[in-house]
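Subject: Structure handover

Hello,

Please find the structure below, with the sequence alongside.

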Amino acid sequence: MKKLVYILVLTSLFSCDYILKNPPKDTTEMDSIVKNQVNDDKNENGCDLKAGYKWSNMYKKCVRVFEEGYRLTSIERDSLAKRKNAFFFVDEDSLIAEVFLPDSKESIVFKRESEDQNFKYKDFEFRTNKGFYLYYKQTLMFQPAIPVDTKVLGKDEEH
């Protein structure tokens, strides 16, 4: 029994000694991980992804679409019964539109010949009749954002 206690005490002393020692000085692996994380925060155009910037092919600069763009709301709801948002810009001449779909890395640039036509890109159509609507293969995907009116209960003085 004494031998067993002696072995347990020695084992615990060695394990504590190992824990309390300084870790090895080889930090090359950690440096490469940190550098990769920093590089992953920006896209190939230098836009800070964590700050919400995306590259605009129309403006040729990084933009925060949720601040500068116009919002569209998805027709379908996700698994949590929430709607996703897309954002868009229209150029000054109203002949080019750029749409940023949710969860996509790149935007879609739409073109049209005149202001009385809709914007088109492959199977997408960006219609501008009484608001902006985004269709894919003739199916409505996004519509103008619907404002949500919240009700405040009680008096302002109570809050």
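A residue is called buried when its relative accessible area is under 20%, and exposed when that area is over 50%. The model is predicted, and the values here are computed from it.

Ser74 comes out at a relative accessible area of 8%, so Ser74 counts as buried under the cut-off of 20%. Ser74 belongs to strand β3, which covers residues 70-77. A polar atom of the Ser74 side chain is 2.8 Å from the backbone oxygen of Glu76. Leaving aside residues up to four places away in sequence, Ser74 touches Arg83, Lys84, Met141 and Phe142.

The other two residues were picked out by their backbone angles. Most residues other than glycine have a negative phi.

Lys60 is not a glycine, yet its phi is positive, near 60°. Lys60 sits in the loop between β1 (54-56) and β2 (61-63). Is Lys60 buried or exposed? Its relative accessible area is 56%, which is over 50%, so Lys60 is exposed.

Ser94 also is a residue other than glycine with a positive phi, about 60°. The loop that holds Ser94 runs between β4 (83-90) and β5 (96-100). With a relative accessible area of 19%, Ser94 falls under the 20% cut-off and is therefore buried.

Regards

Note on methods:
Residues numbered from 1 in each chain as written. Predicted model: local features only at pLDDT ≥ 70, side-chain atom pairs only at ≥ 80, totals over all residues. Heavy atoms only, no water. Helix = DSSP H or I, 4+ residues; strand = E, 2+ residues; numbered from the N terminus. Buried < 20%, exposed > 50% of the residue type's maximum accessible area, 1.4 Å probe, protein only. Polar contact = N/O pair within 3.5 Å; in protein donor to acceptor, adjacent residues only side chain to side chain. Contact = heavy atoms within 4.5 Å.
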